[in-house]
2 protein chains.
Amino acid sequence: MDYQDYQSAHEAYAYPLLIKQLLNRAKVASKDQKIHYADRLTYTYADFFKRINRLANVLKSLDLQAGDVVAVMDWDSHRYLESYFAVPMSQYILQTVNIRLSPDKVLYTLNHAKPKVLLLNAEFAPMIQDYHLDVPSVEKVIWLDDGAFDGAPNAIPDYMHSLCAGEYEALLAAASEDFDFPDFDENTIATTFYTSGTTGDPKGVFFSHRQLVLHTLGITTAFALNAEKQGLGYGDVYMPVTPLFHVHGWGVPYMSTMIGIEQIYPGRYVPEKLVDMIEQKGVTFTHGVPTILQMLLGEMAKRGRKFDGLKMIIGGSRLTEGLARTAVANGVEAFTAYGMSETCPVITMSTFNQKEVLSEDEDIIRRTKTGVPVALVDIQLWQGGERIDAQDEQSTGEIVVRAPWLTQSYFKNHDAGDELWQGGYLHTQDIAHINREGNLQVTDRLKDVIKSGGEWVSSLEIETILSLHPSVADIAVIGVPDEKWGERPMALIVKKPDCQETKAEDILALAEQAFERGMIPKYGIPSQVRFLEQLPKTSVGKLDKKVMRDMFAKGLFAE
Amino acid sequence: MDYQDYQSAHEAYAYPLLIKQLLNRAKVASKDQKIHYADRLTYTYADFFKRINRLANVLKSLDLQAGDVVAVMDWDSHRYLESYFAVPMSQYILQTVNIRLSPDKVLYTLNHAKPKVLLLNAEFAPMIQDYHLDVPSVEKVIWLDDGAFDGAPNAIPDYMHSLCAGEYEALLAAASEDFDFPDFDENTIATTFYTSGTTGDPKGVFFSHRQLVLHTLGITTAFALNAEKQGLGYGDVYMPVTPLFHVHGWGVPYMSTMIGIEQIYPGRYVPEKLVDMIEQKGVTFTHGVPTILQMLLGEMAKRGRKFDGLKMIIGGSRLTEGLARTAVANGVEAFTAYGMSETCPVITMSTFNQKEVLSEDEDIIRRTKTGVPVALVDIQLWQGGERIDAQDEQSTGEIVVRAPWLTQSYFKNHDAGDELWQGGYLHTQDIAHINREGNLQVTDRLKDVIKSGGEWVSSLEIETILSLHPSVADIAVIGVPDEKWGERPMALIVKKPDCQETKAEDILALAEQAFERGMIPKYGIPSQVRFLEQLPKTSVGKLDKKVMRDMFAKGLFAE
């Protein structure tokens with residue numbers, strides 16, 4: 001090929017896949033469409049575009065350089081949505097801080113990512129104060145204050161004054177509404193955040209502009225192709241109930257903005273208020289973990305009403321058949337998407353074919369299975385390094401994946417990154433089978449973690465803490481199914497021969513203390529303890545948690 | 001930013017956007033789904049993937065190098081679909097030859113693109129023979145023969161024997177069904193074809209793998225987000241009635257394969273057979289020019305039946321309100337998409353919001369407007385180099401565009417490429433206004449061309465031919481609206497003072513001769529002639545065709 005012949009024209013636009021390009025459609029098609037921050041604020045997309053410009057001007061005034069990190073600690077707000085765009089569009093990296101982690105871990109993630117600017121909700125200031133805001137990288141804090149909307153602004157605390165650039169709304173109001181976002185390499189990193197998935201310290205993942213744009217297109221195709229009851233359209237009204245610090249709110253804020261539909265950001269999740277907003281603002285689609293679906297159903301049950309066909313993508317933990325049935329019976333079109341922090345996150349989604357007639361049971365199973373690969377996603381099942389080709393709904397293997405939107409490593413942790421990508425595919429550590437229609441079913445997992453209410457619990461960490469008790473000879477913490485939380489940690493303990501009198505509460509007291517000291521989150525405290533004679537081990541002497549989970553499933557750990 | 005920190009893991013997959021990746025979803029989700037070639041052949045996607053591998057092995061055996069051009073001259077067949085994938089996936093460039101051009105022009109495009117291999121339908125062999133197959137670049141011909149399916153194979157002509165590698169189906173049958181498609185740069189050119197849009201010789205456009213993948217994602221979002229009646233879903237059954245040599249069949253074969261839905265390729269377009277296939281195979285969506293929609297409606301009217309909600313995207317020429325009304329009344333969900341060869345093609349599409357209630361008139365207008373920008377597409381209206389910001393459905397300007405899927409120049413014609421991309425936006429030469437909802441309406445065009453039955457007619461070329469008549473003093477050919485063909489060429493002629501007796505037929509005889517000699521297509525012969533005293537000119541003495549079209553619209557050229 002003579003490449004000269006296919007040369008670009010001098011002024012041809014090479015079109016980098018940048019987050020700013022996600023706004024192109026809405027800029028002409030959705031000028032008058034609305035964005036709401038709970039009951040506090042409503043503005044149009046036309047205003048939104050100006051506010052993004054204003055925020056970019058504020059950030060620019062703080063002497064940031066391309067590649068600097070800007071961290072956000074906030075509930076789901078219009079500010080968060082504005083940061084999703086203004087921060088990476090200015091060529092800074094957005095760190096979405098998981099404020100549900102223990103304060104120790106929050107500080108760890110901040111000190112690891114080293115943000116120069118922190119957007120800090122006044123509600124989290126005490127957390128920062130108690131732990132002495134020991135984040136030397138932060139040069140400026142932008143103060144986020146819901147009190148201002150409610151007529152009772154919080155005073156900016158004295159200890160914050162030297163750092164504080166000002167209050168968010170005041171800073172935006174004072175800034176110019178014009179900003180010309182530059183073009184740059186689409187592989188520039190746009191976002192980073194931390195997963196406490198496996199063991200020890202949280203690990204940072206990172207995503208480029210290109211990856212986020214492609215993820216947005218990919219999930220839009222998957223969601224929109226579904227039949228109308230489960231599908232997405234221009235008339236939908238969106239509200240997240242997955243926190244925006246969780247894997248880009250599963251990418252849905254980017255998708256909703258690209259399409260230009262009405263959006264509601266609900267602030268802190270209070271079931272009663274969430275249901276108020278769904279009913280009052282006519283929310284038609286959302287997404288969240290099973291625990292929050294249960295809360296919404298519980299709240300609606302109190303009101304003696306049903307939802308009106310609310311579409312809800314469920315992820316983070318398995319949607320059980322029981323919950324799916326209850327959801328459908330109460331007007332919630334619940335179905336599954338699958339992914340993880342490392343995968344941006346979505347790689348599979350339930351599919352609903354407008355021509356297909358499913359029995360009630362088939363319909364429920366369709367909703368609860370792990371889903372079919374999204375366009376472009378190359379999913380394989382591997383067993384001992386070999387690909388499993390059979391789509392017989394029986395042969396299992398680890399889900400490994402290639403997609404245009406997977407983290408390419410862990411931040412400053414190349415060994416873990418190399419392990420993640422062993423063999424050229426990203427390893428999910430989830431075990432699954434697949435059926436003839438390409439629908440996966442996760443059946444087990446390789447990683448030693450527990451997911452409670454959508455948040456990861458490191459079993460190793462809990463084991464380490466509980467093992468400090470003098471009467472513990474051996475310990476394992478496993479995740480056991482829980483109707484409300486998806487999973488809860490259960491501690492399996494072998495006591496030392498001379499400590500047979502020790503009670504579960506004595507040992508759990510250590511976990512309570514660890515929580516109080518900010519070392520572990522509250523949901524890390526085991527909700528059950530069982531004492532055993534010995535723990536199942538593998539041939540090489542490692543704890544065999546697969547066997548333990550199987551034993552639990554067979555009722556061998558009944559109280 | 002310390003880029004070292006964000007380094008990829010050693011084995012991380014950087015995921016180039018290659019056409020082969022479009023198959024990932026269907027490979028697990030649509031193994032048993034069907035692809036049909038008219039009534040001649042039906043196979044599954046599982047077979048399709050193997051056939052792509054077989055074709056790749058056949059091509060490989062022909063000593064092709066990366067970047068070599070493989071041309072296809074065929075009606076819409078399974079072979080064409082297989083070539084859409086196997087050719088670019090092997091890192092060759094697919095040339096889709098427009099066989100509706102005059103034979104002269106077909107030869108021009110072949111000699112300009114210089115294919116090494118030509119896939120030639122037996123039906124077009126006489127064209128090649130009559131014009132002496134004067135394409136020295138072609139080293140091998142693969143013979144495509146529908147006769148073989150119909151039990152009456154065509155003999156490969158003697159003059160072809162030295163070039164002919166064999167018959168397509170026989171070659172595939174003899175080849176291995178395994179092929180490992182390599183990864184390569186996503187900016188590698190995948191396709192090329194020619195547009196005879198403006199003046200003189202056809203111009204080559206070209207598209208990379210990346211561009212085709214992004215176009216596929218973009219149009220999928222636009223189509224799938226529409227309300228169910230006009231939207232796309234997993235249950236749809238697709239058949240093109242836009243030829244596959246026209247701008248990748250508008251990209252829909254790539255889209256349908258990515259999603260993994262049932263597909264039918266109808267062969268040569270015969271209205272009766274097309275309607276048979278729609279009725280018998282349950283086709284639910286298609287796309288084509290208004291002329292073919294009229295043919296389908298005419299054929300169905302003969303049968304005394306209506307279509308059953310067939311979705312049909314109309315492009316190439318304006319969908320008139322009258323035709324849209326007839327279509328809807330007869331069960332065709334017709335609506336508009338807009339683009340051109342240079343734009344891959346789709347950049348706007350009609351939108352239908354599942355919540356919106358439109359009156360019958362509003363609904364018809366929605367279908368016939370030019371459409372709303374597809375996601376990522378940056379469309380602006382320019383007037384005298386300035387952007388028109390008003391979305392008032394009145395202020396007009398030229399449509400200029402940036403999107404991730406626009407030709408970056410013309411092939412071996414950099415001057416024309418530079419003109420196309422003047423100012424960093426691709427110039428469509430169409431004039432439009434836009435409304436508050438982002439819906440464009442093309443009102444006029446800058447280019448001096450006529451579009452008849454979806455095919456471009458170069459007015460300059462027709463003018464040149466007719467001006468050869470000794471009695472012609474001045475001439476202009478304009479496109480005038482035509483119920484059946486969208487537009488037809490009309491010749492406006494000023495006769496020399498001493499030739500006032502010359503008749504229209506005498507002058508048109510030159511066009512007839514040009515057609516017979518293969519210089520212009522049949523639809524290039526003007527269907528009407530008007531004699532005038534003088535022709536409207538611009539201030540700089542150029543023919544003012546805008547004024548001529550206005551005069552026609554006002555009835556001033558009535559017979």
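**Reading strands, sheets and burial**

Analyst: Let's start with one pair: V400(A) has H427(A), in strand 20 of chain A, as its bridge partner. This is a predicted model, in which local features need pLDDT of at least 70 and side-chain atom pairs count only at pLDDT 80 or more, while totals for chains, interfaces and linings use all residues. Side-chain values use heavy atoms without hydrogens or water, residues are numbered from 1 along each chain as its sequence is written, and chains are lettered from A and ligands numbered from 1 in the order in which they are written.

User: Which strands does strand 19 of chain A pair with?

Analyst: In general, strands of a sheet pair through backbone hydrogen bonds, either parallel or antiparallel. Helices (H or I, at least four residues) and strands (E, at least two) are DSSP runs numbered from the N terminus, and two strands pair if DSSP finds at least two bridges between them. Here, strand 19 of chain A runs antiparallel to strand 20 (residues 426-434), with four bridges. Five bridges link strand 19 to strand 17 (residues 378-383) of chain A, again antiparallel, and I379(A) has V401(A) as its partner there.

User: How many residues of strand 19 of chain A are buried?

Analyst: Buried means under 20% relative accessible area, exposed over 50%, and partly exposed in between, with a 1.4 Å probe and protein chains only. In strand 19 (residues 397-402) of chain A, six of the six residues are buried.

User: What can I say about chain A as a whole?

Analyst: Chain A has 16 helices and 26 strands. Its radius of gyration is 24 Å, close to the 24 Å that the globule rule gives for 559 residues, so chain A is as compact as a globular protein of that length. That radius is taken over C-alpha atoms, and the rule is 2.2 Å times the number of residues to the power 0.38. Along the principal axes, the C-alpha atoms of chain A fill a box of roughly 75 × 60 × 60 Å. Of the 559 residues in chain A, 65% are buried. The accessible surface of chain A is about 20500 Å², with 49% belonging to carbon and sulfur atoms; the Shrake-Rupley method with a 1.4 Å probe gives such areas.

User: In what order do the five strands of the open sheet in chain B stand?

Analyst: The order is 18-17-19-20-21, with antiparallel pairing. Strand 18 (386-388) and strand 21 (440-445) of chain B are at the edges with a single partner strand each, so one side of each has no neighbour in the sheet. On average, neighbouring strands of this sheet are turned by 55° against each other, direction ignored.

User: How do I follow the chain from one strand to the next?

Analyst: Strand 24 (residues 472-482) of chain B pairs with strand 25 over 10 antiparallel bridges, and V472(B) has K495(B) as its partner. These two strands form a hairpin with three residues between them. Strand 25 of chain B also runs parallel to strand 26 (residues 528-531), joined by four bridges. From strand 25 the chain passes through helix 15 (residues 504-516) of chain B to strand 26, in a right-handed β-α-β crossover.

User: Which residues does T96(B) contact?

Analyst: Contact means heavy atoms within 4.5 Å. T96(B) sits in strand 4 (residues 93-96) of chain B and is buried at 3% relative accessibility. Beyond its neighbours within four places in sequence, T96(B) contacts V72(B), Y80(B), Y84(B), T192(B), F193(B), L244(B) and F245(B).

User: Where does Q230(B) lie?

Analyst: Q230(B) lies in the loop between helix 7 (209-225) and strand 10 (237-238) of chain B, and at 6% relative accessible area Q230(B) is buried. Residues up to four places away aside, Q230(B) touches several others, including F223(B), E333(B) and R367(B). Among the buried residues of helix 12 (residues 360-368) of chain B is R367(B). The buried residues of helix 12 pack against helix 11 (321-329), strand 14 (332-339) and strand 21 of chain B.

Methods. A crossover is right-handed if, with the strands pointing away from the viewer, the path from the first strand over the helix to the second runs clockwise. Axes are lines fitted to C-alpha atoms, for helices over the stretch in contact, and angles run from 0 to 180 degrees between N-to-C directions.
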